[in-house]
Amino acid sequence: MARREDLKSVLVIGSGPIVIGQAAEFDYSGTQACRVLKSEGLRVTLVNSNPATIMTDPEIADATYVEPITPDVVEKIIAKERPDALLPTLGGQTALNTAISLYENGVLAKYGVELIGADVAAIQAGENREKFKEVVAKVAREQGLNAASARSLICHTMDECLAAAGELGYPVVVRPSFTMGGAGSGFAHDETDLRRIAGAGLDASPTSEVLLEESILGWKEYELEVMRDRADNVVIVCSIENFDPMGVHTGDSITVAPAMTLTDREYQNMRDVAIAVIREVGVDTGGCNIQFAVEPGTGRMIVIEMNPRVSRSSALASKATGFPIAKIAAKLAIGYTLDEIPNDITAETPASFEPALDYVVVKVPRFAFEKFPGADGTLTTHMKSVGEAMAIGRNFTEALQKALRSLEQKNTVFSWAGDLGDPEALLESARHPHDGRVRDVQRALAAGATTEQVYEATHIDPWFIDQIAGINEIAEEIRTAEDALTRDKLLRAKRHGFSDAQIGELRGLSEEVVRELRHALGIRPVYLTVDTCAAEFAAQTPYLYSAYDEETEVPPGAKPKVIILGSGPNRIGQGVEFDYSCVHASFALADAGYETVMVNCNPETVSTDYDTSDRLYFEPLTLEDVLEVVHAEQQSGTVAGVIVQLGGQTPLGLARKLKDAGVPIVGTSPESIHLAEERGAFGRVLHRAGLLAPKHGTATSYEEAREIAAEIGYPVLVRPSYVLGGRGMEIVYDDATLESYMAKATDASPDHPVLVDRFLDEAIEIDVDALYDGEELYLGGVMEHIEEAGIHSGDSACALPPITLGHDDVRRIRESTEALAKGIGVRGLMNVQYALSAGVLYVLEANPRASRTVPFVSKATAVQLAKAAARVMMGTTVAELRAEGLLPESGDGGSLPLDAPIAVKEAVLPFERFRDREGRFVDTILSPEMRSTGEVMGIDEVFGTAYAKSQQAAYGPLPTKGRVFVSVANRDKRHMIFPVKRLADLGFEILATEGTAEVLRRNGVRAKIVRKHSAGPGPDGEPTIVQRVLDGEVDLIVNTPFGSPGQSGPRLDGYEIRTASVLRGVPCVTTVQGLAAAVQGIEAIAAGLVGVRSLQEHAERLRGAHGVLGQG
Amino acid sequence: MTQTPALLVLEDGRVFHGVGYGAEGETLGEIVFNTGMTGYQETLTDPSYARQIVAMTAPHIGNTGVNGEDAESARIQVAGYVVREPARVASNWRATGSLGSALREQGVVGIAMPGTRALTRHLRDRGAMRAGIFSGDAAAAPEAELLAKVQASPAMEGADLAREVSTTETYVVPAIGEKRFTVAAVDLGIKAMTPHRMAERGCEVHVLPATATAADILAVNPDGVFFSNGPGDPATAEGPVAALRGVLDAGTPFFGICFGNQIFGRALGLGTYKLRFGHRGINQPVQDRTTGKVDVSAHNHGFAVKAPLDGPFDTPYGRAEVSHVNLNDDCVEGLRLLDRPGFSVQYHPEAAAGPHDATGLFDRFCEIMEGSK
């Protein structure tokens, strides 16, 4: 078989914004797929609302639509582009669901679009629990395989429940039927639990029905990644074993590849079942994964579920094995069979094989609970991690320790410092899955707990527990070694993944001293190749990892090399946007004749695809690991420079020490970085440049803070020094709140003072990305925030070009930015945040690095900013780049023509993921602390439509009719009148709380008063606003927070309303500026102005404009 | 756990350092690498590995211990064992003991060493070669002395080993369920799973020694004849080749696996040759040239049959063709007679260890027996 000749054009759907559970891995898979399809000569149309992706780069597809991924928008794109086929399996559940809707509502049939790589019946069979159970039962029966589904019984009375529990055995899972969001589910460990949970469940279920299911908590959990072609060839790409047993979402588990504790018989049975199931389900071509649970004492195996598409695990499996699942899935979808596709890595052998690993891969999740105070940190089957790190080692211990240090989080690496504590307490802590449990296990063992005790508490497989015990034994050997460490002892520790810092901690030495000793003893890592075949065949792709092993496989390089340090695991504040810049730098520098070397440890990214850079080092981004990579590269050729500016704070934080160690840092120097980061130094830069910052001071006690606040005036913005992503930042309006803040802050970190800044109320916040070569400034873009200053820029919506700033404002911004760039000594990118208050421009902060908004700016202005930055860092000037065509011939992002499209960026927040211990949602208001996981872009000719698109892409469509509920703080009342009046004119019914309604009525808006939550239902059962929201009677909520955070009062009322909006998915606007924008958006939709246009079409217009209107 | 120093000395002088694993002492043999990530117990007990030192590319070995069910023969067959990370504990509900103890009890000398990947790369580039593992006191001798021992050991080429591992007495594996066929299986180093796979399909399997003649085989009055896998150089297997020719002359349906495929090739007049480093693993893509389907299959062979890939060719038993090829290197993986009921494969449809993709070949054997009844 060969590629289908009847397909000429394909539509690919992306996965939209980064959210928990659906992240950058789909950019990786989608990018691979688009490139494959394009290289096969197909016309590729792409839709994805997420601008921070490589896949939405205009050169990846032929027509790139950064538009909301909804059936109606995609239909418009289909009508315009008329693709032959739709490939829906590479954009996560979002793409799959959208495609199914388009199939079901007849759009695909109407336009003659064939669904490829997926079969609707198969998807439904895979996703329907009952159907899937039948499939499993059938293959087990007919093929005599050891496979089953969890046993379950449906009950309608308590007696039936008790009988069922007797049959299934405790604990049982109780699932009430037809309750929203699975409400009322729970584990019953005994009859008392069962009576309570099932009793409530029977009441809650509209059909008085609960499903009782046997518990598989604590079983071993596995996953197989499977590929199938249209000739029915099937291969298992990878087996993955979860370190954490059943009960923790795979995305939140530490996972290991390949499986470590299965015999061949058990593994082959699992493989047989996987293959039989996908055949029975009828998965078309492509990748899918199947999850299994195995009862540790008997080997009984349960098939949990399957995903008929490329998934997060597929990305991990691709990186873990070197087998590019998405790329191959795309080829299979257009008709190739596995044996016709070459294995890129060996170049000589085909893809119809199963990778053999001669190393161990460990993935560890990264959480962000500190961003959501009050959120319950217990890990469950509901995914909560925001990112992950992967590491490769020649054994489990090496891979595990590398993975843990890749997280770059305090208290994640194993440590033996201080009092280990009571083993009983540590065991008790380890009993409940939570972030950092593996460290509890390590410390419990170190404190004297036995493997058996740890197993009893955690059900982690004893083999894994013993491996950790082995790590402790080595630590003890290192700690107690008399005299100096011998070569053998040190080498043994390194072979089991100990960092120089860990060894230093054990020996009471600094990391540097350990490193010197190690180098003196000739102990350095070697770099081995991920080659899919355990060295059976020679590898053509330098995809490398470190190990303390026999011989290095780093190939020599003739060209000068540039090492790009990536951004590590995704986290809130440092996500896929930084990977975007790193990947672009790699592309641009390869084009410019360098050999590019990427270092990163995040498996979800495009940067860790083996064909993004000339060489890939899958390594932690710690000083030690980076220094060794640099050394290895210097041994194999010339290193022209190391780029630290593009991967966010992670590489930037290494800059100083790398330079001290003699590493050639290119771009902005570490000394200049210091000028921007250290407050005093930065103050002097501002002073010299004649720029203003909000008044501020530093305090180490409440008394000092109060004095500063008194001097500069409330409100003040307070934050601990040395923060990232606005961590711990708050706006404080009075002494009492300041006192409690200072108590918390100084308690948490007595050594670090608190910064107290004048908070500029009602200021416009402005974000600028600029490029500076020492001579010329290229203003990439000026973004005007929609929310007022005080909301973290990462969480704030913004528009580009700025929608209300005048020429004069932009001129001042340009001059200030240039002065800053010059004063700091920037070479490359810089991001500056300004606040414009009462006509005065204040500098809030300047970051001499690529920012989160670089991809957004690049897409909005059709200029590849990160590529240009990489070249500037290597010494090319802006003028030269203009001449070369990488930058526009004239003009820049600050001088966009009047008819330039307006792009709106909106943040996507993960509030629905986090609940407190009582199961209530955490509050959803925006603050100076960044909490968004991703972003979308809406782009159109005018602000209203662009904003409407951004809202639709982030949260679902804005309503054009129905009921609006309005409740705003007093300070916002004046600004709310006009927009609310406009909504009433557009035909909305207005509901409001008493105070708000009064203001509206006086201004001629007919507003109905609705009861506050705290007032409770009325005497005649009149529902409160919260009830009405829950009942689905409200279509838009406008609620700006007021009052102090706490357990009562107006703030709590707001919390209940916002929580209800999350629960029902009702759009909720929490600022008046957002309200004004929403009204413009609603008007645009109501007027039917929302069309679709590709980035290539927008760019065409902009290019024309740059030529003509270049002078701005 | 033993922490005695150990050395792996290759015939070309390369030396790897590690610590002893299993029994202490010295052992000599042909060193080969196996890329399977599961199934070490099956591999170790596979008689085809006789006189070979097996190096595992998967780093962690022994994690699931050993059990009473997964062995493919009565004892560990390898001459020596090379691993990177021996398990400290065995964790599996079926485990009855640890691998380290099993190796020790059966006197199998092994080495745990960091450089297993470097070793594999070395063998990939230079081919399988003779080697020795020396641990404990044996490792104390000068390296030159150890190297001389290795270089004095016999090579695999020209080795006639099937008789050494074969059963000496005929035994019968009864059919599971209703008996449909009688199969005469010549044990050239047979794995337990092979007669089991046939028995599952209603075959009563008479397992005969490697020295069986055509007359011995036909005396069973078989519906079909099977030649098993086994160790050594097929070029030395004059006895089995003659026996198979007698079987083919009689027109009895034939099925061969691995060594049996090579014997079949020789009986058809084809030659065999030694591969540089062989195929040993459970991930090899084999294509059925008739259907185009690819099986991921278990392999363990250092020799292969030379046969024309471009179409049918003539043999004393009528036309034959290459039925299967390895997509990695176009190596011949299966032969089939076109005019008589006989076929063989170079790989392992019985798996153990390995994927079950090719178990349908046992059904094919039953079909040709059925067709010839």
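Figure 1. The model is predicted: local features need pLDDT of at least 70 and side-chain atom pairs count only at pLDDT 80 or more, whereas totals for chains, interfaces and linings use all residues. Residues are numbered from 1 along each chain as its sequence is written, while chains are lettered from A and ligands numbered from 1 in the order in which they are written. The C-alpha atoms of chain B fill a box of roughly 60 × 40 × 35 Å along the principal axes.

Figure 2. UniProt, in an unreviewed entry, places the feature "binding site" at A:Gln291 and A:Glu305; positions follow the numbering used here, feature names are shortened, and annotations may be inferred rather than shown by experiment. A:Gln291 lies in strand β13, residues 286-294 of chain A (strands are DSSP runs of E, at least two residues, numbered from the N terminus). A:Gln291 is buried because 20 other C-beta atoms lie within 10 Å. Beyond its neighbours within four places in sequence, A:Gln291 is in contact with A:Glu221, A:Glu223, A:Thr250, A:Ile304 and A:Glu305 (contact: C-beta atoms, placed from the backbone, within 7 Å).

Figure 3. Strand β14, residues 301-307 of chain A, holds A:Glu305. With 14 other C-beta atoms within 10 Å, A:Glu305 is partly exposed. Leaving aside neighbours within four places in sequence, A:Glu305 is in contact with A:Phe132 and A:Gln291.

Conventions:
Helices (H or I, at least four residues) and strands (E, at least two) are DSSP runs, numbered from the N terminus. A residue is buried if 20 or more other C-beta atoms lie within 10 Å of its own, exposed if 12 or fewer, and partly exposed in between; C-beta atoms are placed from the backbone. Two residues are in contact if their C-beta atoms, placed from the backbone, lie within 7 Å.
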